[in-house]
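Subject: Structure handover

Hello,

Here is the structure we talked about. Please open it next to this email and follow along; my notes come below it.

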Amino acid sequence: MAQTEILMAVIDKGSNTMTTYQAIMSALTSNSDSLTLMLNSTTLVATITNVVPVMQPVRIQTNALLATTAVVKVYADWKDPKKRVQTSDLLTLVNASGTVLVSVLLLADIGVEVAAGIAAFTLASDIQSVVTQFASDLAVQLSLPFPNNFVPPVSTAGSNLYWSALKNGAIGGLATYDEIMSDSRLFACFKDNPGGGWYPSYSPIPGSITPVDATDYVDSFCGWAHTQDSTHGDMAMGFPVEYCERTQSSP
Amino acid sequence: MSNRRSFLRAGTAVLLATGARSAAAQSAPAKPSIGGPQPHGYQMTNGGTALKRKDGAWVFWARIVNFDDRHSDITASIQIATDRGFSQIVDVLPIKLTERKSFIDITPYKPKVENTQLYYRYVIGASPETAPSITSVVHVLAPWDNESKAG
């Protein structure tokens, strides 16, 4: 068997929970379960040996759905090294007991020696019809925060990186939770574009694999924005105050 | 199956070496928390370990942040030596961490001397005194391993 690494985006329904993602993770740490990649539900393509989180979840807040996506690195034992999986092939990620069953929507060729950038999307089947049309859009957007020379193998020891946004709402690079909370105070998320597609926007609420208290995060952010406003008068017209006035109707 | 467990064992060793918590515990706190005093100075938030590529080259991966100045480039280098005390430095790889790349550096390096254990550390600026906490972390590249170990 040949080892390969794939960078994968897992998309889960729900604003800040990732049940499919957590099920994949727990399947890997259990001793009796195994994860495999199936092609067209019949052919065994690869056995997955490990999944490592690369980027912490990003929220998707649109009119059509609320979802969360996280980027993970998947290590797979390729059954046949010559076998290549091409764009539009439908892969299924399945475990022994069948509790994790997601489709992999392919955007790039995957095979031994072939996995560059975000190579694949895994989706829970219930959101497939909604997300599929935005898949190519998301692939470009999700590769934005990564450095250009993102060459395999990707070492991610100690990784807990969020996609951050700057104080003025511009999308920045990757940052740790402490950095964002003590400086820029904003997390990237995806929103609807009136002209079609999804675009990266900003939110004080982090994407998370466990439920977070959205109200508390907004309150904390707006409290901070208020103190900034009183010390720097010129920020009154800026982004944070405007955001808080728009989202918090009551004073 | 035994294949996977051996991999997880290796992963745990790396996590312990870099002092990071397990991946599952790294989700955002349920309520916002800005823990303790504001962080200061240089910190290696991620990485530090190196992985061996199939062609035999080692890929160094690290993210170093200066909490006192989060926008300027950081000039650093990777020192590679044959002893843990760094008295015999065999190579110095200059690296530059920029905001545009989220202060992440990925540098491939193929050792000139094979079949030897090599030690490496990150040095900020010109001298190891600039950021002693980062410099003090030393890793070992062993020819028979695919992943660097804490030295």
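Chain B has two helices and eight strands, where helices (H or I, at least four residues) and strands (E, at least two) are DSSP runs, numbered from the N terminus. Read from the N terminus, the order of its elements is α-β-β-β-β-β-β-α-β-β. Chain A holds six helices and 11 strands.

The model is a predicted one, in which local features need pLDDT of at least 70 and side-chain atom pairs count only at pLDDT 80 or more, while totals for chains, interfaces and linings use all residues. Residues are numbered from 1 along each chain as its sequence is written, and chains are lettered from A and ligands numbered from 1 in the order in which they are written.

**The two chains in numbers**

Of the 251 residues in chain A, 41% are buried; for the 151 residues in chain B the figure is 28%. A residue is called buried if 20 or more other C-beta atoms lie within 10 Å of its own, exposed if 12 or fewer, and partly exposed in between, with C-beta atoms placed from the backbone. Two residues are in contact if their C-beta atoms, placed in that way, lie within 7 Å. Counting contacts with a separation of 6 or more, residues 24 or more positions apart account for 57% in chain A and for 51% in chain B.

How many residues of domain 1 are in contact with domain 2? There are 19 of them, and they meet 20 residues of domain 2. On the domain 1 side, the elements that give two or more residues are α1, β3 and α3 (135-142) of chain A. β3(A) gives the most to that side, with seven residues.

The largest nonpolar core has 64 residues, and those that touch the most other members are I24(A), V71(A), V72(A) and F187(A). A nonpolar core is a set of buried Ala, Val, Leu, Ile, Met, Phe, Trp, Tyr and Cys residues joined through C-beta atoms within 7 Å. Strand β3 (residues 43-61) of chain A supplies the largest share of this core, eight residues. Domain 1 and domain 2 of chain A each give at least three residues to this core. As a general point, nonpolar side chains tend to be buried together in soluble globular proteins.

V72(A) touches M8(A), V10(A), V51(A), V52(A), P53(A) and V54(A), leaving aside residues up to four places away in sequence. V71(A) sits in strand β4 (residues 66-78) of chain A. V71(A) counts as buried because 22 C-beta neighbours lie inside 10 Å. Between the C-alpha atoms of V71(A) and L37(A), 34 residues apart along the chain, the separation is 17 Å.

I24(A) belongs to helix α1 (residues 19-29) of chain A, where T20(A), Y21(A), I24(A), M25(A), A27(A) and L28(A) are buried. Why do they lie on the same side of α1(A)? Because they cover an arc of only 160° around the axis, the arc being that of the directions from the helix axis to the C-beta atoms.

In chain B, three strands form an open, antiparallel sheet in the order β1-β2-β5; two strands pair if DSSP finds at least two bridges between them. β1 (42-52) and β5 of chain B are the edge strands, each pairing on one side only. Strand β2 (residues 58-66) of chain B is joined to β5(B) by six bridges. One of the bridge pairs is V59(B) with P108(B) in β5(B).

Most residues other than glycine have a negative phi. F86(B) is not a glycine, yet its phi is positive, about 60°. F86(B) lies in the loop between β3 (74-81) and β4 (89-97) of chain B. F103(B), also a residue other than glycine, has a positive phi near 60°, and its place is the loop between β4 and β5 (104-109) of chain B. F103(B) is buried, because 25 other C-beta atoms lie within 10 Å.

Regards

Note on methods: Domain bounds come from an automatic or database domain assignment.
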